[in-house]
Amino acid sequence: WLFADAASVGPRGRIGDDRLGHAAPPPSLRIVDAVAASCAYPPFLAPMELDGRVLGLVGGTADPDEPDEVREAILRRIQLVDGGVYDNLGVERVWSDHATVLVSDGGAVFRGRAVATVVSRLWHVLSVAGSGGQTTRLRWLRAALSAGDLQGAAWSLGSPAGGHPGRVAEINRIRTDLDAFTAGEQMVLERHGYLVADASVRRHSPQVVALEAPTAPPHPEAAVAAWSLGSPAGSARVTARGRRRRRRG
């Protein structure tokens, strides 16, 4: 589902998809509604619902084998969830009509691990399935970049370029879930992300750098003693009951 503002699709922007069609967004639809849809991650948060019958969607290509009553039911209750369920990198909506694509993958680095319980095996299978689709898209993107069909770059926490020599493997073990983070974990991840992005763009797509400036990532203290900032050795561990953020003062 696409939420496009007037700056990208004039004159009023556009919402919709290729199946149900598109329309100009109604005045009642706010930016916060698009954000709410992006936050709906099943099964923890319920989908955001829209009534497509009042949106005036036109131009969609329906499935010829889909009964009319099914299409009507979908149109009546359009259920929107986090786009990462399908495309966590968000590239499919932009790589066909943009000349330059920059992809920043802030997700955890996928790695193999031994599993012993039914729940852990199921979770690992789901992780493998999700990682497979993302890996395929990255291969398509990098092939297009190598062939010159697109300009841009892609980077992740696992990219070899980083700002903490000798610490990259440790940084890549930090979880990137929705749980609480210590101040040290936040500083290390933010600084590493800035440096990886800067190095990747300068190496793979230097022509997009419009203004040359010295690299000045945040949290310089994290470069000196990354693991002395309160980032515990158990940063990679995901806990079922969650973590409590320590209060300062």
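Two notes on reading the values. Numbering starts from 1 along each chain as its sequence is written, and side-chain values use heavy atoms, with hydrogens and water left out. In this predicted model, local features need pLDDT of at least 70 and side-chain atom pairs count only at pLDDT 80 or more, while totals for chains, interfaces and linings use all residues.

Stop 1: Strands 1 and 2 share three bridges. Pick Phe3: opposite stands Ile15 in strand 2.

**Stop 2: histidine 22.** Move to strand 3 (residues 21-23), which holds His22. Is His22 buried or exposed? With 12% relative accessibility, His22 counts as buried (buried is under 20% relative accessible area, exposed over 50%, partly exposed in between; 1.4 Å probe, protein chains only). Its contacts (heavy atoms within 4.5 Å), leaving out residues up to four places away in sequence, include Ile15, Asp17, Leu57 and Arg93.

**Stop 3: the second largest pocket.** Select Trp1, Leu2, Phe3, Gly83 and Arg93: of the 32 lining residues, these lie nearest the pocket centre. Strand 1 (2-4), strand 2 (14-17), helix 1 (31-39) and strand 6 (78-80) each give two or more residues to that lining. By class, the lining has 16 nonpolar, eight polar and eight charged residues. Here Gly counts as polar, and Asp, Glu, Lys and Arg as charged. A pocket is an open set of 1 Å grid points where a 1.4 Å probe fits, over the protein atoms alone, with protein on both sides within 12 Å along at least five of seven lines; lining residues have an atom within 4 Å of a point.

**Stop 4: strands 7 and 8.** Show strand 7 (residues 100-105). Strand 7 pairs with strand 8 (residues 151-156) in the parallel sense over six bridges. Val101 has Gly152 as its bridge partner.

**Stop 5: glutamine 207.** From Gly152, jump to Gln207: 55 residues apart in sequence, 8.9 Å apart C-alpha to C-alpha. Gln207 lies in the loop between helix 5 (183-204) and helix 6 (221-224). Gln207 counts as partly exposed because its relative accessibility is 47%.

Key:
Helices (H or I, at least four residues) and strands (E, at least two) are DSSP runs, numbered from the N terminus. Two strands pair if DSSP finds at least two bridges between them.
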